[in-house]
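Colleague: I would like to learn how to read a model like this one. Could you take me through a few features, with the general idea before each case?

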Amino acid sequence: MLQLQFKPELHYFDTCREFAEQFCISADDIILTNKYIYDPFFGSMNLPAMVVYQEKFGAGEPSDVMVDAILESIEGRSCRRVIAVGGGTIIDIAKVLAVAPEGARVDDLYRDMAELRARRELVILPTTCGTGSEVTNISILNRTKLGTKMGLVSPAMFAAQAVLVPELLSTLPYGVFATSSIDALVHAVESALSPRSTPYTRIFSMKAMEMILRGYQRIRRDGPQARGPLMKDFLIASNFAGLAFGTAGCAAVHALSYPLGGTYHVPHGESNYAVFVAVLKAYRSVRNDGRLAELEEFLSAVLSCGRDEVFEQLGELLAAILPLKRLSEYGMTEQDITVFASNVLKTQQRLLGNNFVPLSEEQIAAIYASRL
């Protein structure tokens, strides 16, 4: 059994200038980013690379339409490296740019996933503390014709270098911090419960959970401004969680979140948060032993509560960081419940195979109904 999959080199710099100098940015590079990120951190450096601003091609999380437009915009461009500087949207798109042959579109890549190969060297600098995908080989795109998000997965989509630069998080808005760090927590929990978890991945999962939850406790006590000195810890915790789920995978929380995000355009971390604790409670209703019992024991120590109340206490701590909305507040209706549950079973088997316990369509529908 595979114990730990980690392909990129991992680099750390305190500042963006240190990164740019060490990586010798050239005219053969494409930097994929957002203007509001690039200008304050790199704008004064006058780098010779081609800079592509994602927002010129659409708003929100990555879709097949957005990515196809970006692919068309760089056709014919000689490129040695794709350098992604951004959050999950930027990183997911950059992974596609790194493997897409000239003239290809997103649907082509999904059809020929097994044949994907690296065509450009990929360098990733995350600017949030949630995605962890700087060290994974998966890109999540909204397949607009199918009405859901789906993973594009290939060993060719690993970055050559993942680069952590805490300076990039210094201007992160509180709302993005909250949703992205909750996403990292979900990565850590789901990978810890996965049947594909190993002693190695669980080291990263548990440490990521501890760092995130301890940070949340301090923020709950001292207020949102307390996150400033903690951003390096949150960035590293997100990376730890990425290392864990890169091998062990994510599961039902992500699977159930994708129709919500794909249909109602709920940001990824927030859509995970919307069903996170409900999925854990559904697991507990089926089985309460093994990895779930270990998770409860661990959380009871971190949260200073009994095992029987860990999920309630977890929910209260998360609500202090970001209020939890009902699914109806995003637009979901009772009619969506059966449609979403069926969609999850049809399109998300890659994720559902990592569940702590199998969940039927009826159980998935019940989770949605409990949060409506």
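Colleague: Let's begin with the rings: how many aromatic pairs does the structure hold?

Modeller: A word on the source: this is a predicted model, where local features need pLDDT of at least 70, side-chain atom pairs count only at pLDDT 80 or more, and totals for chains, interfaces and linings use all residues. Residues are numbered from 1 along each chain as its sequence is written, and side-chain values use heavy atoms, with hydrogens and water left out. Now the idea: a pair of aromatic rings is described by the distance of the centres and the angle of the planes. Rings of Phe, Tyr and Trp (its six-membered ring) pair if their centres lie within 6.5 Å; planes under 30 degrees apart count as stacked, over 60 as edge-to-face and the rest as tilted. The structure holds 13 such pairs.

Colleague: Which parts of the chain does the pair of Phe177 and Phe234 link?

Modeller: Helices (H or I, at least four residues) and strands (E, at least two) are DSSP runs, numbered from the N terminus. Phe177 belongs to helix 6 (residues 174-193) and Phe234 to helix 8 (residues 231-248), so the pair links distant parts of the chain, 57 residues apart.

Colleague: Is Phe177 buried or exposed?

Modeller: Buried means under 20% relative accessible area, exposed over 50%, partly exposed in between (1.4 Å probe, protein chains only). Phe177 is buried at 0%, and Phe234 counts as buried at 2%. Compare another pair: Phe204 and Phe240 have ring centres 5.6 Å apart and planes at 55 degrees, so this pair is tilted. Phe204 in helix 7 (residues 199-222) and Phe240 in helix 8 are 36 residues apart. Phe240 is partly exposed, with 21% relative accessibility.

Colleague: Which rings do ring pairs link into a cluster?

Modeller: The cluster joins Phe13, Phe19, Phe23, Tyr38, Phe42 and Tyr53. Among these, Phe19 and Phe23 are also buried residues of helix 1 (residues 16-23), along with Cys16 and Ala20.

Colleague: What is the phi value of Cys24?

Modeller: Phi of Cys24 is near 50 degrees, a positive value in a residue other than glycine. Cys24 sits in the loop between helix 1 and strand 2 (29-33) and is exposed at 52% relative accessibility. Asn46 also has a positive phi, near 50 degrees. Asn46 lies in the loop between helix 2 (35-42) and strand 3 (50-53), exposed with a relative accessible area of 67%.

Colleague: One more topic: which ring does the charged end of Arg143 sit over?

Modeller: A charge sits over a ring if NZ of Lys or CZ of Arg is within 6 Å of the ring centre and within 35 degrees of the ring normal. The charged end of Arg143 sits over the ring of Tyr110, 3.9 Å from its centre.
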